[in-house]
Amino acid sequence: MNDYLIFGASGLTGNNFLKEVKDIGSSYHLFVRSLIEDEDTDNQTIFSQECIKELPRSKNLIICLGYPLAFQELIWMNKDTKKAFKEVDLDLVVKISKMAKDIGVLNIAVISAVDSRLNSLNYYLNIKAEMEQKILALKFKKTFFAKPGHLLGLRDKSRIDNWVRVIEFFGKIYGLFLVGPLKKYRNVEAKQVAEELFNAINSSNVTPNYLIEVHESK
């Protein structure tokens with residue numbers, strides 16, 4: 001049995017989470033869209049939205065998947081983008097979660113978004129909240145939602161537009177004034193999110209914070 005089953009290990013947060021796992025020598029298996037060059041092929045399984053092979057038995061499921069959106073699409077999406085986004089961030093994430101629950105995975109951790117809430121006028125936040133509710137209904141032993149603001153880290157150049165540059169520039173200034181309950185809206189390093197999520201999963205006394213939301217089934 002693996003300690004961790006990870007979807008999205010090539011992304012910002014997923015890659016940093018994988019580093020945490022490897023640093024302590026825990027066992028893991030990756031489900032990837034394409035093979036990661038510096039990883040043993042025995043530790044990787046190719047998947048697509050239409051075809052997900054049988055999951056290996058694991059203690060923890062980590063989902064760091066997300067449809068690639070331009071910054072302005074976080075505010076408004078056209079019909080086609082809404083469909084593609086929902087298929088990944090809701091349908092695919094929930095499908096994987098159900099498969100994991102069926103094979104006895106104990107805990108699940110998913111990257112969501114700050115301020116996600118049902119019936120939000122913002123489509124992005126509403127879908128994230130719907131995903132959270134469907135996963136909670138599966139009743140894993142422990143459920144962790146990482147809910148960061150804008151993530152900082154090394155991105156592919158094709159994913160960096162002028163809006164991202166503006167947000168990151170002004171984030172250095174306005175972030176200083178976001179304190180107390182507003183702290184959750186700060187730009188945050190993906191590495192920090194991964195570290196805090198990893199620490200929460202491995203803690204016997206979990207304390208939720210402004211980045212990590214924790215639910216335990218009774």
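Analyst: Lys139 is exposed, because its relative accessible area is 57% (exposed means over 50%, buried under 20% and partly exposed in between, using a 1.4 Å probe and protein chains only). Before we go on, a few ground rules: this is a predicted model, where local features need pLDDT of at least 70 and side-chain atom pairs count only at pLDDT 80 or more, while totals for chains, interfaces and linings use all residues. Residues are numbered from 1 along each chain as its sequence is written, and side-chain values use heavy atoms, with hydrogens and water left out.

So where does Lys139 sit? You'll find Lys139 in the loop between helix 3 and strand 6 (helices, H or I with at least four residues, and strands, E with at least two, are DSSP runs numbered from the N terminus). Most residues other than glycine have a negative phi.

Asp115 is partly exposed, though, since its relative accessible area is 27%.

Back to strand 6, which runs over residues 142-146 and holds Thr143. Thr143 is buried, with a relative accessible area of 2%. Leaving out residues up to four places away in sequence, Thr143 touches Ile108, Ile135, Leu136, Glu213, Val214 and His215 (contact means heavy atoms within 4.5 Å).

Ile108 is a handy link to follow. Beyond its neighbours within four places in sequence, Leu61 contacts several residues, including Ile108, Phe7 and Ile96. Leu61 also belongs to the largest nonpolar core, a group of 31 residues, and is one of those touching the most other members, along with Phe7, Ile52, Ile63, Ile96 and Val110 (such a core is a set of buried Ala, Val, Leu, Ile, Met, Phe, Trp, Tyr and Cys residues joined through side-chain atoms within 4.5 Å). Strand 1, strand 4, helix 2, strand 5 and helix 3 each give two or more residues to this core, and helix 2 gives the most, 8 residues. A second, separate core has 30 residues, among them Val214 and Phe144. In soluble globular proteins, nonpolar side chains tend to be buried together.
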